[in-house]
Amino acid sequence: MQTHPLEELIDLYLSEKDITVESYELYHIILKQYVTYLKNNEIKYADTKDIKAYIKAKKEEGYTIRWIHHQLGVIKVFYSYLSLNQNRLGLDKRYAYNIAETIQNIRIKKEVSKPMLTTHQAKHLILHLKNHRRYIWHYRDYAMIYLMITTGLRSVEIRRAKIKDLKLVNDTYILYVQGKGRTSEDDFVKVTTGVKEALDDYLHVRKDKNPYLFISHSKRNETPHLSRTFFLRMFRRVLKEAGLGHLKVTPHSLRHAAATYNLLRGGTLEETKRLMRHKDLSTTLIYAHHLKRMEEDIENEIESYIMSDQDIKEKKKG
């Protein structure tokens, strides 16, 4: 199937929504992925089971629960729009029924429970990337992951970072953060010596004039910056190449890792809050509670209590 009736409707739908450029991009990527799935499976008019099959396929491909939650949410709103505007837009009668209405979205747990790289695994990954640089994208991946794992930068902040955001201030290199709706230089992270060397090596082998700090080196890519879907594909590849492909960690796990490593090394909650650039300390406390829970041995203590109590009872009977 070369074309799909939903493709033009997506453009119309987005043109009628009052959303930011960032949200527009997110909606467009999600709906484009969905329509590509329908085209690949020769589905002209989808029904409820087709949406469920699409979501199942995304899970099997390894997409995060959060990303799938976003995808299903956008698809549900899109079909609601088509249903409500079926007459106005002169659409096929099939669109009068909202096929996504009965599908419940996936809940996202707020607590930190995602798999995470251990410090040993993180060190192994960084050294593997450093020692196996050959092509330009190897230099990019090494610098990018090294930066993320030491600063806790989000993928959107990595995508929006520009070369000019990297500056020397009071003998320390810092990277101003552009992301999460920010449009001015108001937040920054410190760049370690190792990361700065990795960045210098990457920028040295680049011969382009692209202003972004990290870019795609695929000839098929027409955008100046990295796409939202880039990180999942890239991270899967580097984990596999480093012999860590069995781990169910995501690019966003690197942010969780940075916060947890800082607490493990003895960093305070306030330090971790500043590192993560959290507005509220309660958000940082999630990491502390998770770390404390991992250190507790409640289950074994319960078993010991039960067995000890049982021993006392047996002695009294004797």
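User: Which residues is Met-144 in contact with, leaving aside its neighbours within four places in sequence?
Analyst: Keep in mind that this is a predicted model. In it, Met-144 is in contact with Ile-158, Phe-214, Leu-226, Phe-230, Phe-231 and Met-234.

User: And the largest nonpolar core, how many residues does it have?
Analyst: That core has 43 residues. Met-144 is among those with the most contacts inside it, along with Leu-125, Leu-175 and Phe-214.

User: Which elements give two or more residues to this core?
Analyst: They are helix H6 (119–131), helix H7 (136–151), helix H9 (193–205), helix H10 (230–241) and H11. The largest share comes from H7, with eight residues.

User: What about a second core, which residues does it include?
Analyst: The second core is separate and has 37 residues, including Ile-43, Tyr-63, Trp-67 and Ile-103.

User: Changing topic to helices. How do the axes of H11 and H12 cross, and within what distance do they come?
Analyst: Helix H11 covers residues 253–264 and helix H12 covers residues 269–276. Their axes come within 9 Å and cross at roughly 155°. Angles over 145 degrees count as roughly antiparallel, so that is how H11 runs relative to H12.

User: Is that crossing of H11 and H12 left-handed or right-handed?
Analyst: Right-handed.

User: Which residues make the contact?
Analyst: From H11 you have Arg-255, Ala-258, Ala-259, Asn-262 and Leu-263. H12 brings Leu-269, Glu-271, Thr-272, Leu-275 and Met-276. By class, that's six nonpolar, two polar and two charged residues.

User: Where is Arg-277, then?
Analyst: Arg-277 sits in the loop between H12 and helix H13 (281–295).

User: Is Arg-277 buried or exposed?
Analyst: Arg-277 counts as buried, at 9% relative accessibility.

User: What about Asn-170, what is its phi near?
Analyst: Phi of Asn-170 is near 50°, also a positive value in a residue other than glycine. Asn-170 is in a loop as well, between strand S1 (166–169) and strand S2 (172–176).

User: And is Asn-170 buried or exposed?
Analyst: Asn-170 is exposed, with a relative accessible area of 71%.

Note on methods
Residues are numbered from 1 along each chain as its sequence is written. This is a predicted model: local features need pLDDT of at least 70, side-chain atom pairs count only at pLDDT 80 or more; totals for chains, interfaces and linings use all residues. Side-chain values use heavy atoms; hydrogens and water are left out. Axes are lines fitted to C-alpha atoms, for helices over the stretch in contact, and angles run from 0 to 180 degrees between N-to-C directions. Helices (H or I, at least four residues) and strands (E, at least two) are DSSP runs, numbered from the N terminus. Angles under 35 degrees count as roughly parallel, over 145 as roughly antiparallel, 65 to 115 as roughly perpendicular and the rest as oblique. A crossing is left-handed if the near helix is turned anticlockwise from the far one by less than a right angle, and right-handed if clockwise. Contact means heavy atoms within 4.5 Å. Ala, Val, Leu, Ile, Met, Phe, Trp, Tyr, Cys and Pro count as nonpolar, Asp, Glu, Lys and Arg as charged, and the others, Gly among them, as polar. Buried means under 20% relative accessible area, exposed over 50%, partly exposed in between (1.4 Å probe, protein chains only). A nonpolar core is a set of buried Ala, Val, Leu, Ile, Met, Phe, Trp, Tyr and Cys residues joined through side-chain atoms within 4.5 Å.
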